[in-house]
Structures are given as C-alpha cells and as structure tokens.
Amino acid sequence: MVDIIEISITAVGAFLAICMFTTLYGKSNPLYALAEESYIGFGTALTVIWNLLFIYNTGVLGITQAGKYALIFGILFGLMVLLRVSNKYSYVARIPIAIAIGSQFGLALRTTIFTGFLDQIRGTILPLLTGSTQQMIYNWTIALAVILMLTFFFYTTELKGPLGVSSKIGEYVMYAAFGGIFAQTFMGRLSLFVGFMQNYMVPPWKIPWLLGSLIVVFGAVIVLDRMHLLEKLTPEE
Amino acid sequence: MANTKPAGKSGYRYLVEYDRRIIYLLIFILVLAPLLQPFILPIQVSPDTTTYYNVLNGLKKDDKVLVVFDTEFSGYMEIQSGIIASIRMMFQHEVKVAIAVAHVEATGIPQLVFDQLASVMQEHNYVYGVNYINLGYVFPNEAAVAASAQDFHTVVRQDAYGKSITGTFLDDVKDWSSWTLLSDYTTGIQSTALINHYGLKGTPMIANVIGVMISTSAPYVSSGIYKALLGSMRGGAELEYLTGYPGPGLTAMNSFTLGHYMLMIAIVLGNVGYFGYRSYQNKLKAQEVK
Amino acid sequence: MSEILKSRTLQMVVLVLSFLFVFVPYFIDVKVLTDFSTQLITIAAIISAFTLVLAVYSQFRRGYTFVHRRSRGWIFKAYMMTSIVLMLIFAVYSQTSGPYNWVMYAIITPLSSVNYSILVFYMASTGARAFRARNGRALLLLITGFIVLFYQAPFTGAFFPQLTPYSLYITSTLVSAAGRMFLISVTVGAIVFGMRVLMGKETSILGAAKEEK
C-alpha cells in the first residue's frame, strides 16, 4: 500500500516535469512558466540554505568549537560581500572579493599546470615502439592526433608548407574525433532522459500518473493554442 | 535549402522539411515503450568498465573510501546505475564509506542510495558512524575541497544531520593521504578541484562521469590520475552485469538501443532527403533551361 | 576608512598577496606557511559561500520589478518569491524531513532531471536536420559517429562484436586525443587569463564595470 505522501510527490513531480517538457511544443506557454518559476524559486532557496549551513558548520563552529579564531575574518569578510548589493556601500565588498579571487587563482594555478598541461603532454609522449602491435598503433595515433590537431589552432603564423599540410590533416582528424564525441554526448543526454522516465515508471503504480500528466498537460497546451490564449497567459520575458 | 521554392512536388522534400516535433514524439514513444515491459538483453563489457570493477574489487575490509556526489539531480538520473552498483560493491567489501556532496541538489541522493541498498547494509552489519557516514554539502567550492585535502577537520565538523563527527571513523582521517580511495560521481562541478587537490597529491581516484565528460576525462585515465573511469548509464549497466545485480542500468538498455537507432535512421533519412531533393531540383532547373 | 576600502591599488595588492599565500606554500614545505595557507583557503571558501547567498537578493529584485509594474504574468513572479520564502521557512524546521523533503522530491528533483534531459530532443532533431555529408570532413564525422553509435547501442554491441575494435580505437585514441587537446588549450588560456588578472589587466572580474556604472 503506497502512502499518500509518496503519491503526492509522484503526482506533483510528474505534472511539473511534463510542464517543463511543453517547451518542445515550440511556443511559450503558462505551464512551462509555472515549472520554470517553481524551479527558480525553490532552487534558489535550496542553494541559500545549504550555503548558510556550510558557513555555520565551517565558520561558526570552527570558531566556537575548534578555536580557529582566524575564521572570524571569514565571517566578517563574508558579511562585507553582502554589501555588494548596495549602490552606496558596494566598495566595501572589494577587499573580500579580492581575497576570494586571489585564493581561487592560487588554488587553480598551482595544480592545473600539472593536471591540465604537464601530465597531458606526458600522457601524449608514449612509447612508439612496444611489443604489442595494437598498443603501437594506439600510441602512434594518440601522439600524431594531438600534434596534428594542435597545429590546426596555430593562429599566430601563416599555415603553409609542412605546417599547412599538418593543419589540414589535423582538421580531418578533428572531424573524425567530433563524430565520436557527438555519439558520446548523445548517449549522455539520452541516458538523462531514460533515467528520468525510469524514475516515473518504476514501480509500476507511477505509470498512470506520468501518462495522465502527459495527456492533461499537452492537451491543455494544444487547447490553449487553438483558442489563441497561449501568448496572453504566458508571462513577459 | 529552406529558402528555395521549387515548382514541383517531391517526396524528398518532406524528408528535409518535416515538423521537428515528429522526432520529439518518436523519442518519447521509443523510450517509453520498452520501459513498460522491461527485459534484459546481454551487454558487451568494455575494458574501461572491467578496470573500474577490478579497482573496486581490490578494496579490503575497513579501507576508507570518500564518495563524492558531485552532480545535480539530473546527472544522478544518468549515473544512478553506476552509483548503486559501485556502492553495493563497497558495502560488500565492508569498507568504511564517507559520503560528501558538492551540489545542493545532491543532498537528497545519499538517502535514496541507502534506501536502495538497505538489504546489503543489513547483511554486512553497517552501523551509522562506525561503517558509514553522510557528511552532506561540504564541497560548495574549490577552496573547500582544497582545505579538506590539507586538513579534513577544518572543513568538516558535523554530518548532514547536524551531529558531530567526533567519535566516528573519521577521527582517523587527517588529510588526502588518509583515504584508500576517492570515488567521484560527477557532472563536472568539482571534479577538477578533486583531481587537483586529492588526485594530484596521490589519493587513488576513480570516477563515474556523464556521457559528455567521457572525452575530457579520458586523458586523466591515461595520465594515471584516475585509476578507472565509468562512463554514463552504459557503463553503469555494464557494471551491474559484472556484479550480477541487474538494476536501472540494464533495464534501460532497450530504450537506449532504440534511441540510438532512431537517431541513426533520422540522420540517414535526412541525408537521403537532402541529396534526393537536391538532385530533383537540379533536374527541374535543367528542364527549365531546355 | 572608505577611501582605503575604495582603493583599487589596495584591492590588487590583496589579490596578489592572497594568490601568493596560497600558491607558494604548495611548493615549499614549511609548516607555518602551510597552516596559514589552509586558514586562508578556508576563509576564501566561507566568502565564496556568502556570495551565493546573494542569489536571493537578485531573484527578489527581478521579481519585485515585474510585480510592481504589473507586467503580463506578474503572478508567476509573485509565486516565485513566495516559494523562496516558503522553502526557507521549511528548512528552519528540518532539512531532512517534513515539507522540506516533500518539496525536494516533488518539485526540485523532477525539474532538475528535466533540465538537461530536454537536450536529447534538440540533439536528435539537430542531428537529423543538420548533419549532411556535404564534403569529406562531414562524411568522416558521420562515419565515426555511426561506428560509435552502433557500438554504444547495447543490442548491436553485444550481437555484432566485430564493431568493437573500431569503436574502441576511435574512442581510445581520436576522442581521447581531442579531449586532451581541448584540455591543454583551455589550461593555457586559463593560465594566461590568471596572469592578466594578477597584473591588473582584467578589471571586469573584480567588479569594476558594475561599480563604475
């Protein structure tokens, strides 16, 4: 026996989700606006709640329980950042923003040089003569493909002679890679949709709610469109 | 192509200029229909998934694993099969699991996972605080990830339910080196930060990524930062197949298959229409010239 | 005091010092420096969390403008603002049960799921209408795309294993190489951009444009 809370969650969830799918109809409609504003409103509040909790757990408890008094500056600077919304006192937020940005750059640059650059180059310079023929073919392809594709993006010099040839081959290699990337991207997006549908089809008692929402919502959109009411009822952008 | 107005009629024209909503409707039907009566077909397991499975299989009792749900809820819909299969293996190996979340929408995921794996947890006597813990939203930004890698208890003092973590197995966790494995389930929110501050330092990492991230995550596997990579729902289905516990991944593969075939057929028909219509228009022009 | 806080020079000095106190200790293993760096990083994490709290203000400001002007559909904006307040009230009672939980599973998670899954429809219709084998490059793209799509479809992948080596070759080499190439390019760009910010050549990131308006 399924309880009323679970049924209400499924019914409302299916209804709002299908409302969001009405964007596929091709015209703005009030049901899509309802779903959109629900997501924006409740989602914004969710972000704020969990960030306030993070500030409390890390900052306030860090000061009161762990005795890390330096974190008082974190709370203080954080409150200064909130003044960014004021036209008169927005300059107060400059120093905290500078600290946050400077620290974030320090964090990113100290490691990205390795993970995004040196390690990738190291990973490209593979042994070109190995025992296994398959591994050799793979290694040659990776090394050549990266070099050829990079030459395609040389914008500071004229691409002629050997550079022009490698750039041309690199362009073809890139298109071949894009085919594979497109296939993987499509797989990813299809998985998202299939996962969503599964969520509303397992267990089977959820199926009527999903199908019912589909019929009601799209039916309403089609009827409103026929009556020329879609634009009148849709909020302004 | 859309601006030309040929004199004659052609069936090819329809293949080029049909209403795109037909494609939308077809996708809906082809995904919905197999899910109404799901059945499981065999699946070929890729080398990447086998490597991922072997890494999890190498875990020993009481190893400490940091599981990071680094995804919006939409991403969870894609990789939930991989998440459930992976954490099932962790529970079966009786490792200590700490779950951290890097996006506000993912705060509801841990409970969904615990509900689905309740029987496994009961079978292996999992006790909250002793064998597993839900830390909640502790990685809101890169600075929090970096701080936790340097000194874990600076960032994390309470669990997701507001209780102190003192007295749990996390007392032994100091920094990045305390973890046997970091398992990242990601749509890319803090994956780079985790790589930079945990993986690069030396914490063994595995990742279950969404489809669009596979090509950009693969270089981290070949550079050794990721020990293994599981890709999208397909990878999750393969892992379910290897573990012998069919779940949402395997049951979704029929819809998956039909969706792929639909795209290929649509592209082929589009090209047939394009070239056929172009040839038809050329014939018309030649006739007009005569 | 306000003149000090308004100073762009001071802002740049603080930015560079913050950068150095986080960047340098990573390479020099001195305990005092590392501890200071950890504290600074934690402070930065707290400051960043505060900036997200500003999201409420921006949503309310946007919504209030609509409601005040009684623009078409203002009721939706009023609903949005009410939903923010309601969710904050629900969270005060409990973040793991009750009405908060109901909203989480009935509203936020389904809508989040749909957000990105809609893209499959656009990808499929774009693929069907825009992918034309007009030249050699486009044909190559379609061929490799089809090989990987066939392999990815579990039915063909399982019953026609002859495709597997070709698909694995494409994904393990060409796709991986393209990913690597983009990663290297983006990293170089990020490093250059970071250097420009530290040298004071990119003021937009510090919010200068908004204030000067």
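This briefing walks through a predicted three-dimensional model, topic by topic. Because the model is predicted, local features need pLDDT of at least 70 and side-chain atom pairs count only at pLDDT 80 or more, while totals for chains, interfaces and linings use all residues. Residues are numbered from 1 along each chain as its sequence is written, and chains are lettered from A and ligands numbered from 1 in the order in which they are written.

**Chain C on its own**

- Chain C has 10 helices and 0 strands; helices (H or I, at least four residues) and strands (E, at least two) are DSSP runs, numbered from the N terminus.
- Read from the N terminus, the element order is α-α-α-α-α-α-α-α-α-α.
- The radius of gyration of chain C is 26 Å, whereas a compact globule of 213 residues would come out near 17 Å. Here the radius is taken over C-alpha atoms, and the globule rule is 2.2 Å times the number of residues to the power 0.38.
- Along the principal axes, the C-alpha atoms of chain C fill a box of roughly 75 × 55 × 40 Å.
- Buried residues make up 41% of the 213 in chain C. A residue is buried if 20 or more other C-beta atoms lie within 10 Å of its own, exposed if 12 or fewer, and partly exposed in between, with C-beta atoms placed from the backbone.
- Take the contacts in chain C with a separation of 6 or more: 12% of them join residues 24 or more positions apart. Two residues are in contact if their C-beta atoms, placed from the backbone, lie within 7 Å.

**Where chain A meets chain C**

- Chain A puts 104 residues into this contact and chain C puts in 98 residues.
- On the chain A side, helices H1 (4-21), H2 (30-64), H3 (71-82), H4 (94-124), H5 (133-152) and H6 (162-199) each supply at least two residues.
- H4(A) has the largest share of that side, with 24 residues.
- Sorted by class, the chain A side has 68 nonpolar, 29 polar and 7 charged residues. For this count Ala, Val, Leu, Ile, Met, Phe, Trp, Tyr, Cys and Pro are nonpolar, Asp, Glu, Lys and Arg are charged, and the others, Gly among them, are polar.
- Phe50(C) sits in helix H3 (residues 31-69) of chain C, and it counts as buried because it has 25 C-beta neighbours inside 10 Å.
- Setting aside neighbours within four places in sequence, Phe50(C) is in contact with Ile55(A), Gly78(A), Val81(A) and Leu82(A).

- Chain B is assigned domain 1 (11-39 + 253-289) and domain 2 (47-245); the bounds come from an automatic or database domain assignment.
- The centres of domain 1 and domain 2 of chain B, taken over C-alpha atoms, are 41 Å apart.
- The largest nonpolar core has 213 residues, and Ala177(A) and Val68(B) have the most contacts inside it. Such a core is a set of buried Ala, Val, Leu, Ile, Met, Phe, Trp, Tyr and Cys residues joined through C-beta atoms within 7 Å.
- H6(A) gives the most to this core, with 17 residues.
- Both domains of chain B take part, with at least three residues from each in this core.
- Beyond residues up to four places away in sequence, Val68(B) touches Ala100(B), Ala102(B), Phe139(B), Leu182(B), Asp184(B), Tyr185(B) and Leu194(B).

**Enclosed elements of chain B**

- Strand S3 (residues 132-137) of chain B has 6 of its 6 residues buried, so it is largely enclosed by the rest of the structure.
- S3(B) pairs with strand S2 (residues 96-101) of chain B in the parallel sense over 5 bridges; pairing requires that DSSP finds at least two bridges between the strands.
- Across that pair, Ala98(B) stands opposite Ile133(B).
- Helix H9 (residues 191-199) of chain B has 9 of 9 residues buried, so it too is largely enclosed by the rest of the structure.
- The cover over the buried residues of H9(B) includes H4 of chain A, along with S1 (64-70), H7 (142-150), S4 (181-186), S5 (205-209) and H10 (214-222) of chain B.

- Most residues other than glycine have a negative phi, and most peptide bonds are trans.
- The peptide bond from Val202(A) to Pro203(A) is cis, with omega near -5°. Pro203(A) is in the loop between H6 and helix H7 (207-226) of chain A.
- Glu94(B), not a glycine, has a positive phi of about 55°, and counts as partly exposed with 16 C-beta neighbours inside 10 Å.
- Arg70(C), also not a glycine, has a positive phi of about 55°. Arg70(C) is in the loop between H3 and helix H4 (74-93) of chain C, and counts as exposed with 9 C-beta neighbours inside 10 Å.
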